[in-house]
Amino acid sequence: MLRVVVLGAAAGGGIPQWNCGCPVCQAARNEYPELQSTQASIAISADGEHWFLVNASPDLRQQLIATPQLHPKPGALRHSPIAGVILTNGEIDAVAGLLSMREGSPFAIYAHPKVLAILQSNSIFNVLNEKIVARVAIEIDRVFELALPDGQPSGIEVEAFTVPGKGAWYLEGKAHPGGSDGAGDTLGLRIRDKKTNRHFYFIAACAHVSAELKSRLAGAPLLFFDGTVWRDDELVAAGLGTKTGQSMGHIAMSGTSGAIKSLAGLDIDRKVFLHINNSNPALLHGSEERSMAENAGWQIPADGTEIVL
Ligand SMILES: [Zn+2]
């Protein structure tokens, strides 16, 4: 069986964001601490013993403390159940947590060559010695099996595919160390337990839902999907910023071409939003937006939510 733990559900900045006084951040700081959420990442395991992270958020240290499954095994002086980290993009909120994994434990980093090139070109990531922390290039549309630190198969198969998206923000207008080809900047993942043949999809960033993506996701037992903004211009409308969801490579939850409408009627058993920005009113319990999302069958998870497939 496949176990999935939502380590964090929030978009970049988390909830509350350090410099934000929007209604959600204020509520999370004060009367509703249960709204607090760390930046998006999940942990997966097929055997309950070895775990893989999908993305390593800047909040990783806090997430590991809060997740007993990821603690060192009792009696071991140095140990981590984390066998690898799969990166779906090169954004700060997906890669910065790697720097908190620098104390010499072996694991593997799986990422598209474009994202590996970003790590390679930033010397701070040299703190993860490649002799101990192997870099494994992900090939798009090719199924591969995650490996345990001793090289044994993990029982978890991954297939990465491209989804409409954007390159990392901090590279906007700059030469990409991995080349100018747009493919590979934003990946979706299909993750399958070989033993049970159960699978799920992880798509934490997606600019729009294409017909191809719809047919891929139809009938899926579980989907984690980009829930960054409720409406495309919400950051602008709230006076929080100048960027729209689309300009950041993120689809809105609502609207005729939003995620809720686009992914309706596809017979997906369980739909979970992830990477939810603190500006998103669907975070607020009792809000109209929350009801609309939930009535359409979507879940907005709390950090620590565990799903067994
Ligand atoms: Zn805020």
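Cys206 is buried, at 0% relative accessibility, where buried means under 20% relative accessible area, exposed over 50% and partly exposed in between, with a 1.4 Å probe and protein chains only. The model is predicted: local features need pLDDT of at least 70, side-chain atom pairs count only at pLDDT 80 or more, and totals for chains, interfaces and linings use all residues. Residues are numbered from 1 along each chain as its sequence is written, and side-chain values use heavy atoms, with hydrogens and water left out.

**Cysteines**
- Cys20 is also buried, with a relative accessible area of 8%.
- The disulfide count is 0, a disulfide being a pair of cysteine sulfur atoms within 2.5 Å.

**Zinc site**
- Cys20 (SG), Cys22 (SG), Cys25 (SG) and Asn278 (OD1) coordinate the zinc ion at 2.2 to 2.4 Å; donors are N, O and S atoms within 2.8 Å of the metal (3.2 Å for Na, K and Ca), and water is not among the atoms, so sites may look incomplete.
- The 4 donor atoms subtend angles of 102 to 116 degrees, so the arrangement is tetrahedral; for four donors this requires all angles to lie between 85 and 135 degrees.
- The ideal angle for four tetrahedral donors is 109.5 degrees.
- The donor residues follow the sequence spacing C-x1-C-x2-C-x252-N.
- Cys22 lies in the loop between strand E1 (3–8) and helix H1 (23–29), and Asn278 in the loop between strand E12 (271–274) and helix H8 (288–295), so the pair ties together parts 256 residues apart in sequence.
- Cys22 and Asn278 are both buried.

**Sheet**
- An open sheet of 7 strands has the order E6-E5-E4-E3-E2-E1-E14, with mixed pairing; helices (H or I, at least four residues) and strands (E, at least two) are DSSP runs numbered from the N terminus, and two strands pair if DSSP finds at least two bridges between them.
- Strand E6 (133–137) and strand E14 (306–308) are the edge strands, each pairing on one side only.
- Neighbouring strands of this sheet are turned by 20 degrees against each other on average, direction ignored; axes are lines fitted to C-alpha atoms, for helices over the stretch in contact, and angles run from 0 to 180 degrees between N-to-C directions.
- Strands E3 (residues 51–54) and E4 (residues 82–86) run parallel and are joined by 4 bridges.
- Helix H4 (residues 113–121) lies across strand E5 (107–111) and E6, at about 120 degrees to E5.

**Glu157**
- Glu157 is in strand E8 (residues 153–162) and is buried at 18% relative accessibility.
- Apart from neighbours within four places in sequence, Glu157 is in contact (heavy atoms within 4.5 Å) with Val143, Phe144, Glu145, Arg190, Ile191, Arg192 and Lys194.

Technical notes: Four donors count as tetrahedral if all angles lie between 85 and 135 degrees; four count as square planar and six as octahedral if opposite donors are over 155 degrees apart and all others between 65 and 115; anything else is irregular.
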